[in-house]
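Student: Hi, could you walk me through a protein structure? I'd like to ask things as they come up.

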Amino acid sequence: MAGEEDDDNNSWVIELEAALLEECTPSEVWTMAQGRSIPDTLRPEVWQACLGVQRKESPLLHFSEIYDLPEQSALRSDCQQAVSKLGNEDEDKVSVISDFESILTCYCKSTKTKYEKGNGWIEILLPLLSLKLPRAETYNLFDSILHQYIPRGCIKNGLPFQLFHLLLQYHDPELCSFLDTKRVSPDLYCLPWFQSLFSSNCHLPALLAMWDHYFQLADPFFVFYLALVMLVNARDQILSMKDDTKAIVVDALSMMPCDIVAEDTSDFCTLAQYYATKTPSSFRAELIDAFFGPEPPIPNEKLGIAQALCLPVSAHDLVFNPELPEGDAVKFFLVDCRPAEQYNAGHLPTAFHLDCNLMLQEPANFATAVQGLLAVQQQALASNSVAGGDHLCFLGSGREEEDQYTHMVVASFLQKHTTYVSMVAGGYSAIHELVEENPVIKLEDHNPQICVGCLKENSFQVQSNSMQTSTSSYEIFGKLSAAMKSKSAEVKEKLFEYIVNPTGSNGQTADRHVRSSDKVSKRYRNMAPVFSIDDDDADASSLHSLEDEADQEVVSIQTWLKKPDVVKSFKCHEVKLNGYMYESYLIVTSSHIYVLREIQGKKGLANIAVRRPVSSIVRITSKKKHPDLITFKYGISEGDKPVISDMDR
């Protein structure tokens, strides 16, 4: 019986041997091998078939054998160092060094690429050495791996690592948040993984089995899911390192591939495939040319990954998602975050409405709405509704001015470590364009007279320009005061006085500023009011925070609130540009404003997140639709126009 079972288990090997006699494709190899580890005798032919280099003429056959690259000495030295670690005889080492230098030099000259130390090329060549192929055939495998499977942009904070951050956040936001808190960005540990397909840190038997699976699958994005599983499998170990330094965490992450053994590789790769099926795939079409396509690569600024708060999903994938076979697709639960009037003018039939305005205007009602959203989601899943899905996909308007509030809603879910959070790329505008191109798609309650997608692009500006705004500085300051939940007229006067006259003293200074006969102060002459509503925040996108929580001072909240120079303090939320909100205190003194950001898990303690001289404030703005969202802008005054250098919300 055992002999018959062995024959059955090895029948695929016999079938594969026969298929290799003719040219076969990776999909045909996968059909027979199903990702299993390939026998050593067949591996060279299988890899050549999967990488498409069977019977391909090698550029190495025409190599001039002239070694005159500007970086030739560095290249030769790296080859010698790598081969010296092998257990070969000295005579064999000389031959291997010669092969490596020939392949790398020929590749640099053929592709007009400069060799750089630590770029992963030698690490890729080392496993290919075990195949014992002729030098020209080894070159073809090397060239194919680099072009098909090594993502471009493997540099510090490169695009591949920004994508990986989004994938990790999508599947394990708690782990992603922990690493962000430690300031451990993916490039610090993933760089050698990605540029060498794990060969720099993985033992040879496990690596060969992994590459067997990888090349059969023929998915260039598979490296991202392998790296994802690497972290998720070790999440408990990683989360337990909360008291370790950043360097220790990075070292531990970098060496994780060393723990993989050949026997576990099949399960490891299968789990990576599972995560791939549980991930929206629309980003692949956008990034395939940027990562693996022909030169030149697409500039990062033209892609949505670098600026994305969460994983983007195309309008096409969202709309046509319910038509895919059950079990073969990510199922979305669509959350439409547009204002109520926009939602009521047209929306997808499966959309659940969550007005993002509630988050600032009525926090209690917003919390209730979120609970209702989660309850409806569970009901839709239980009833197998077409609107049901365990993947939350948020929809904004597609207009930057409004979507900043949608981002705040999304950020609130991410802060709660909600898995499977994404946003529709382009928002409702992209949905509307798709509807226009596909008449079979219908919007519910669609009213072309007021639907923003049907109106001209400038209609929003015309509408906003027609809004009446108050020009009274006292009324505007009242909004600021109300947003901070202050009910004292005295506090209004003091805070206003200190912001407008930061260097003055009690009594005379306030009078001097407001007297029509005052000719001394020039600070606000010919300048726009410091306080305004619906002020332009276009400059906000160009500002970025340089803060590092690790360097922020930790203080006692009560001690600071009781300091004698404190004019007034306000309980508030600090809002970052990415939409994240933090429980905080705004403290105003005679010379500075401070923001104390509460430290999660450490009651009564806070970081000094903001420390600004009052004299540096050039503008305080509030949105008419969201008066509770106050923006402090800092900079200098040049003529009648302030130059904004930073901001806090």
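This is a predicted model: local features need pLDDT of at least 70, side-chain atom pairs count only at pLDDT 80 or more; totals for chains, interfaces and linings use all residues.

Student: Okay, how many residues does the largest nonpolar core have, and which have the most contacts inside it?

Tutor: The largest nonpolar core has 130 residues, and L231 and I431 are those with the most contacts inside it. Helix α13, which covers residues 222-233, gives the most to this core, contributing 11 residues.

Student: And what does I431 touch?

Tutor: If we leave out residues up to four places away in sequence, I431 touches A315, L318, V319, L348, L395, V424 and L443.

Student: Switching topic: where is R43, and is it buried or exposed?

Tutor: R43 is placed in helix α4, which runs over residues 43-50. R43 has a relative accessible area of 5%, and because that is under the 20% cut-off, R43 counts as buried.

Student: So what is R43 in contact with in there?

Tutor: Apart from neighbours within four places in sequence, R43 is in contact with S37, I38, L131, L208 and D212. With D212, R43 forms a salt bridge, in which the closest N and O atoms are 2.9 Å apart. That pair links distant parts of the chain, since D212 sits in helix α12 (residues 204-217) and R43 in helix α4, 169 residues apart.

Student: Is D212 buried or exposed?

Tutor: D212 counts as buried, because its relative accessibility is 1%.

Student: Which residues are linked with R43 in a network of salt bridges?

Tutor: D40, R43 and D212 are linked in a network of salt bridges.

Student: And how many salt bridges does the count come to?

Tutor: The count comes to 16 salt bridges. Among them is a salt bridge where the side chains of E583 and K571 meet, at 2.7 Å from N to O. E583 lies in strand β9 (residues 581-589) and K571 in strand β8 (residues 566-575), so this pair ties together parts that are 12 residues apart in sequence.

Student: What about E598 and K571, how do their side chains meet?

Tutor: The side chains of E598 and K571 meet in a salt bridge too, with 3.2 Å from N to O. E598 lies in strand β10 (residues 592-598) and K571 in strand β8, so the pair ties together parts that are 27 residues apart in sequence. E598, at 30% relative accessibility, counts as partly exposed.

Student: Last topic, the open sheet: what order do its strands have?

Tutor: The open sheet has 5 strands in the order β1-β5-β4-β2-β3, and the pairing is parallel. At its edges are β1 (311-313) and β3 (352-353), each of which pairs on one side only.

Student: How many bridges join β2 to β4?

Tutor: Strand β2 (residues 332-336) is joined by 5 bridges to strand β4 (residues 391-395), and the two run parallel.

Definitions and conventions: Residues are numbered from 1 along each chain as its sequence is written. Side-chain values use heavy atoms; hydrogens and water are left out. A nonpolar core is a set of buried Ala, Val, Leu, Ile, Met, Phe, Trp, Tyr and Cys residues joined through side-chain atoms within 4.5 Å. Buried means under 20% relative accessible area, exposed over 50%, partly exposed in between (1.4 Å probe, protein chains only). Helices (H or I, at least four residues) and strands (E, at least two) are DSSP runs, numbered from the N terminus. Contact means heavy atoms within 4.5 Å. A salt bridge is a side-chain nitrogen of Lys or Arg within 4 Å of a carboxyl oxygen of Asp or Glu. Two strands pair if DSSP finds at least two bridges between them.
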